[in-house]
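I opened the model today and kept notes as I went. The entries follow the order in which I looked things up.

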Amino acid sequence: MDSFVDSFMDSFIKKLTKTYHRSVYPAVTPTRPELSQAGKTVLITGASTGIGYHVAKSFVQAKAEKVIILGRRVDKVKAAAESLSAESQGTKVVAIPCDVGSPTAVAELWGRLAGEGTRIDVLVLNAANTGIVKPLMEQGLAGVWEAYDFNVRAQFDMTERFYKQELGAGIKKYLIHVSTGAVHNFDATAVMPTYSMTKHAGALTLQLVAYDIPPEDMQVIIFHPGAIFTEAAESQGFTKDSLPWEDVSLAGGFAVWAATPEAEFIHGRFVWAGWDVDELKTGELGKRLKEDPNFLKFGVNGI
Ligand SMILES: NC(=O)c1ccc[n+]([C@@H]2O[C@H](COP(=O)([O-])OP(=O)(O)OC[C@H]3O[C@@H](n4cnc5c(N)ncnc54)[C@H](OP(=O)(O)O)[C@@H]3O)[C@@H](O)[C@H]2O)c1
């Protein structure tokens, strides 16, 4: 690693737990029986490629009953569903071409699901707008607002429709938001202020949703998946060799773990997938999570 990469990674990676994981590990392995998704229907936005695809793959490994993947490019989303189906041991994988940023398309999607009697147990909000890489005043309102519209309004639209479905008494919903370290580590990601700002606002929206809704009704978990080499990273000018990328298996396994009662203790909070979940649950960190309602939440530093 050269010194730029070293210092970027040092300033970017936040190691809250002593053990920092860079790939999937036993506690969040999707095939762990305690994480089984049997009988569950899972909907994942932006799952044709990248992190969303691997999240879908992990839910297939965890034996969900049905995994529905969304993406705009019809060929890509269909190809993804075919390759996931080929690996599936009983999970039905369905591709639905859908632009999550379009209010009409989102209304049609939920209308279609309701019409065919499909109820979603787990919603993974993964697709994002990565914004324009320029200072806010250089890009102006249009670019900033487009990203805000997707990373806040569209996420809330999906969340509201998910929450308001009738699942039947006592059936818990799981909402997982793929966030980013850019929502708090503003120095390291200073070149992409629109992304930081709008992903932060989207995550804060879900934090406040979780404030009002107990985890027994809808468990909400917001997480940074790690630095992963994907189409989005490539489009921002990174190459396979620019960073010591983390393994996407971690994000997939973490998302499955987050969709189980084991993760209820971090309802409404923001965490990194790399943080060891057993360390989070126990010891000083576990105590702080029990006692401090603001720990790992968005707010103002120093008060
Ligand atoms: N990669 C990283 O290092 C990293 C780090 C931190 C956080 N994240 C977060 O991880 C998530 C996924 O990132 P990624 O790197 O995997 O991105 P990616 O490689 O660009 O993949 C995004 C996926 O979402 C789909 N998509 C994009 N816009 C959509 C829309 N409007 N409606 C439906 N599907 C849409 C894309 O397919 P179509 O283009 O066909 O729609 C694609 O399948 C994002 O929330 C990002 O903020 C990533």
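Before starting, I wrote down what I would accept as a polar contact: a pair of N or O atoms within 3.5 Å. I also noted that the model is a predicted one.

**Entry 1: the ligand**

A polar backbone atom of V178 is 3.4 Å from an oxygen atom of the ligand, so the pair falls within the 3.5 Å cut-off. I then asked how much of the ligand the protein buries. Alone, the ligand exposes 890 Å², and the protein buries 90% of that.

I found two further pairs on neighbouring entries of my list. For R72, a backbone N or O atom lies 2.7 Å from a ligand oxygen. For R73, an N or O atom of the side chain is 2.7 Å from an oxygen atom of the ligand.

Next I looked up which residues come nearest to the ligand. They are R73, N126, Y195, K199 and T230, out of 29 residues around the ligand. I sorted this shell by class and got 12 nonpolar, 12 polar and 5 charged residues. I also checked which helices take part: α2 (50-61), α6 (193-212) and α7 (231-235) each give the shell at least two residues.

**Entry 2: the whole chain**

I stepped back to the protein chain, where I read off 10 helices and 7 strands. The radius of gyration is 18 Å, close to the 19 Å from the globule rule for 303 residues, so the chain is as compact as a globular protein of that length. Along the principal axes, the C-alpha trace spans about 50 × 45 × 35 Å.

I looked up burial for the chain and found that 52% of the 303 residues are buried. The accessible surface of the chain is about 14000 Å², and carbon and sulfur atoms hold 55% of it.

T198 sits in helix α6. Is T198 buried or exposed? Its relative accessibility is 0%, so T198 counts as buried. Leaving out residues up to four places away in sequence, T198 touches V144, A147, Y148, N151 and V152. I also took a C-alpha distance: T198 and G131 are 67 residues apart along the chain, and their C-alpha atoms are separated by 8.6 Å.

Q207 is in helix α6 as well. Its relative accessible area is 8%, which is under the 20% limit, so Q207 is buried. What does Q207 contact beyond four places in sequence? I found I222, G268, K297 and F298. With F298 there is a polar pair too: a polar atom of the Q207 side chain lies 2.7 Å from the backbone nitrogen of F298.

I looked up D157 and placed it in helix α5 (residues 136-163). D157 has a relative accessibility of 12% and therefore counts as buried. Apart from residues up to four places away in sequence, D157 touches P103 and V106.

P135 belongs to the loop between β4 (122-125) and α5. At 44% relative accessibility, P135 counts as partly exposed, because that class lies between 20% and 50%.

**Entry 3: positive phi angles**

Last, I looked at phi in residues other than glycine. K63 has a positive phi, near 60 degrees. I located K63 in the loop between α2 and β2 (66-71), and its relative accessible area of 42% makes it partly exposed.

L296 also has a positive phi near 60 degrees. I found L296 in the segment after α10 (283-291). Is L296 buried or exposed? With 16% relative accessibility, L296 counts as buried.

Notes. Residues numbered from 1 in each chain as written. Predicted model: local features only at pLDDT ≥ 70, side-chain atom pairs only at ≥ 80, totals over all residues. Heavy atoms only, no water. Near = heavy atom within 4 Å. Polar contact = N/O pair within 3.5 Å; in protein donor to acceptor, adjacent residues only side chain to side chain. Areas by Shrake-Rupley, 256 points an atom, 1.4 Å probe, with all protein chains shown as cover. Helix = DSSP H or I, 4+ residues; strand = E, 2+ residues; numbered from the N terminus. Nonpolar A, V, L, I, M, F, W, Y, C, P; charged D, E, K, R; others polar. Rg over C-alpha atoms; globule rule 2.2 N^0.38 Å. Buried < 20%, exposed > 50% of the residue type's maximum accessible area, 1.4 Å probe, protein only. Contact = heavy atoms within 4.5 Å.
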